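Me: Could you help me learn to read a model like this one, feature by feature?

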Amino acid sequence: PYAFRATDPGELVPAQGGDIVGPDNDIWIAREAARAQQIIVACGNPPAGLRGFAARMRHVARLLSNDGARALWCLGLTRAGWPKHPLYLSSCTPLVRWEWRTS
């Protein structure tokens, strides 16, 4: 959901004083989502202290799904209800539909 990148998600927290979303991020998300055959969301849990993550994810889900017109998929959910990050998942983990309106 953010243009800011780091190998440690915790680096988002101190960086949030700046523009971690990026000025053109939403434009590119919507543009590339429109070209995709299938969209798989894989964000994992937000780092502690990251403000506004749920609202940002709902906004990004609306962009990715064309406001609910297209299905979003994930590799399962964390206990907190967020799409699991694939880093520690088996390569045979099945896709499940992500009902982002309930997250």
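Me: Where does Asn 25 lie?

Reply: Asn 25 lies in helix α2, residues 25-35; helices here are DSSP runs of H or I with at least four residues, strands are runs of E with at least two, and both are numbered from the N terminus. This is a predicted model, in which local features need pLDDT of at least 70 and side-chain atom pairs pLDDT 80 or more, while totals for chains, interfaces and linings use all residues. Residues are numbered from 1 along each chain as its sequence is written, and side-chain values use heavy atoms, leaving out hydrogens and water.

Me: Is Asn 25 buried or exposed?

Reply: Asn 25 is buried, at 14% relative accessible area (buried is under 20%, exposed over 50%, partly exposed in between, with a 1.4 Å probe and protein chains only).

Me: Which residues is Asn 25 in contact with, beyond its neighbours within four places in sequence?

Reply: They are Pro 1, Tyr 2, Ala 3 and Arg 56, where contact means heavy atoms within 4.5 Å. A polar atom of the Asn 25 side chain lies 3.1 Å from the backbone oxygen of Pro 1.

Me: What is the strand order in the sheet?

Reply: Happy to go on! Strands of a sheet pair through backbone hydrogen bonds, either parallel or antiparallel. Here an open sheet of 3 strands runs β1-β2-β3, with mixed pairing; two strands pair if DSSP finds at least two bridges between them. β1 and β3 (96-97) are the edge strands with a single partner each, so one side of each has no neighbour in the sheet.

Me: How do β2 and β3 pair?

Reply: β2 (residues 72-74) pairs with β3 in the antiparallel sense over 2 bridges. Trp 73 has Arg 97 in β3 as its bridge partner.

Methods: Polar contact = N/O pair within 3.5 Å; in protein donor to acceptor, adjacent residues only side chain to side chain.
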